[in-house]
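Please open the model in your viewer and keep the selection tool at hand.

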Amino acid sequence: MGATLALSQRGVGRTGPNPPVGCVIVRDGRVIGRGWTQPGGRPHAEAMALAQADQDARGATAYVTLEPCAHDSSRGPACAASLITAGIARVVVAAGDPDTRTNGKGLAKLAAAGISLVTGVRCPEAEAIMAGFFSRQRRRRPHITLKLAVSLDGSVAMTSGESKWITGDRARAHAHLERARADMILVGRGTLDADSPRLDVRLEGLEDRAPIIAVMSSTPAPDGLRHLRDLQALAAVTDADTVLAEGGAALASSLVAADLVDRLLLYRAPILVGGRPALAAIGLANLADAHGRWAPAAVIALGTDRLETYHRIR
């Protein structure tokens with residue numbers, strides 16, 4: 001399943017509206033098929049892996065990060081049916097599919113066909129990789145990551161507004177990787193006007209990644225950028241399952257105050273600035289309300305900077 005999860009990572013930010021699924025088919029201890037959801041959502045991971053396995057799939061075990069889909073579409077057959085037709089003997093699944101068109105039906109079809117099932121293997125990891133899909137299904141809105149680059153004292157800019165650069169090259173490169181994994185990048189109008197950010201992906205080999213660029217503003221956005229008037233418009237976005245919010249402080253504060261941030265990326269540089277804080281008022285009535293909201297997920301060094309990742313506890 002670890003290899004299957006790694007394969008699913010290849011599709012993050014590229015498979016919408018489908019989730020980035022991974023599939024590995026094993027027979028007699030040997031991998032005979034590998035697949036991951038392709039850009040645009042087709043072919044599915046199972047279809048790709050089955051095509052590689054061909055006739056050797058009969059009697060094999062398929063590892064998948066998400067319950068195989070149970071519904072046919074104009075773009076291809078249901079993966080549960082394809083696994084049955086191929087003669088797969090055993091299926092190991094990480095996470096169940098909350099989509100009402102499948103939700104348990106895929107597993108039921110496999111079981112009815114006499115296929116041995118194992119479920120829930122490394123489920124939290126699979127759901128984290130497919131966070132956008134699960135947010136869309138469960139909360140009817142995109143999964144939102146807030147990225148903040150701050151000094152040790154929590155500043156995102158000098159008092160003059162200067163903010164290039166708080167963090168170093170390696171931290172900024174990592175931020176570009178996060179852009180490549182997002183369906184949409186969101187900034188506030190103040191940041192757009194002050195910094196004129198390019199908001200593209202500048203990593204070798206990933207330059208073709210082109211997330212939707214959106215601006216939250218009460219006034220129309222420049223040509224070529226998506227205009228979101230308010231937070232309600234953000235929640236109503238239907239063509240992006242993962243949103244990376246890059247600032248500034250007003251946008252960040254409003255997202256946190258509205259409890260729309262699901263994941264926090266805090267790039268912390270070893271400098272003291274004494275400038276503009278990362279967040280303004282976020283609607284907390286007392287200090288006790290601040291506790292129990294965020295779970296630390298990871299800390300990594302990026303040169304002299306440090307990235308801290310937190311997930312919203314829900």
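Does Phe134 count as buried or exposed? At 4% relative accessibility, Phe134 counts as buried, where buried means under 20% relative accessible area, exposed over 50% and partly exposed in between (1.4 Å probe, protein chains only). This is a predicted model, in which local features need pLDDT of at least 70 and side-chain atom pairs count only at pLDDT 80 or more, while totals for chains, interfaces and linings use all residues. Residues are numbered from 1 along each chain as its sequence is written, and side-chain values use heavy atoms, with hydrogens and water left out.

**First stop: rings**

A search of the whole structure finds 1 aromatic pair. The ring centres of Phe133 and Phe134 are 5.6 Å apart and the planes stand at 80 degrees, so the pair is edge-to-face. For this term, rings of Phe, Tyr and Trp (its six-membered ring) pair if their centres lie within 6.5 Å; planes under 30 degrees apart count as stacked, over 60 as edge-to-face and the rest as tilted.

Next, select Trp36 together with Arg10: Arg10 lies over the face of Trp36, at 4.4 Å from the ring centre. Then select Trp165 and Arg172, where Arg172 lies over the ring face of Trp165 at 4.4 Å from the centre. A charge sits over a ring if NZ of Lys or CZ of Arg is within 6 Å of the ring centre and within 35 degrees of the ring normal.

Select Glu46, which the UniProt annotation "active site" covers in an unreviewed entry. UniProt positions are given in the numbering used here, feature names are shortened, and annotations may be inferred rather than shown by experiment. Glu46 belongs to helix 2 (residues 45-53); helices (H or I, at least four residues) and strands (E, at least two) are DSSP runs, numbered from the N terminus.

Glu46 counts as buried because its relative accessibility is 4%. Which residues is Glu46 in contact with, leaving aside its neighbours within four places in sequence? They are Val21, Cys23, Val64, Leu66, Pro68, Cys79 and Leu83, contact meaning heavy atoms within 4.5 Å.

Now extend the selection to the whole of helix 2, where Ala45, Glu46, Met48, Ala49, Leu50 and Ala53 are buried. The cover over these buried residues includes strand 1 (22-27), strand 2 (30-36), strand 3 (61-66) and helix 3 (79-86). After helix 2 comes Asp54, whose phi is positive, near 55 degrees.

Select strand 3, which is mostly covered, with 5 of its 6 residues buried. Strand 3 pairs with strand 1 in the antiparallel sense over 4 bridges, and Val24 stands opposite Tyr63 in strand 3. Strand 3 also pairs with strand 4 in the parallel sense, over 5 bridges; there, Ala62 stands opposite Val91 in strand 4. Two strands pair if DSSP finds at least two bridges between them.

Select Ile25, Leu66, Leu83, Ile88, Val91 and Met130, the residues with the most contacts inside the largest nonpolar core, which has 33 residues. A nonpolar core is a set of buried Ala, Val, Leu, Ile, Met, Phe, Trp, Tyr and Cys residues joined through side-chain atoms within 4.5 Å. Strand 4 gives the largest share of this core, 5 residues. A second, separate core of 24 residues includes Leu148, Ala214, Leu260 and Ala278.

Return to Ile88: not counting residues up to four places away in sequence, Ile88 touches Ile25, Leu50, Ala57, Ala60, Ala62, Leu83 and Ile115.

**Last stop: the backbone in loops**

Select Gly16 and Pro17, which a cis peptide bond joins, with omega about 5 degrees. Pro17 is found in the loop between helix 1 (2-8) and strand 1. Move to Arg42 and Pro43, where the peptide bond is again cis and omega is near -5 degrees; Pro43 is in the loop between strand 2 and helix 2.

Finish with Asp28, in the loop between strand 1 and strand 2. Phi of Asp28 is near 55 degrees, a positive value in a residue other than glycine. At 77% relative accessibility, Asp28 counts as exposed.
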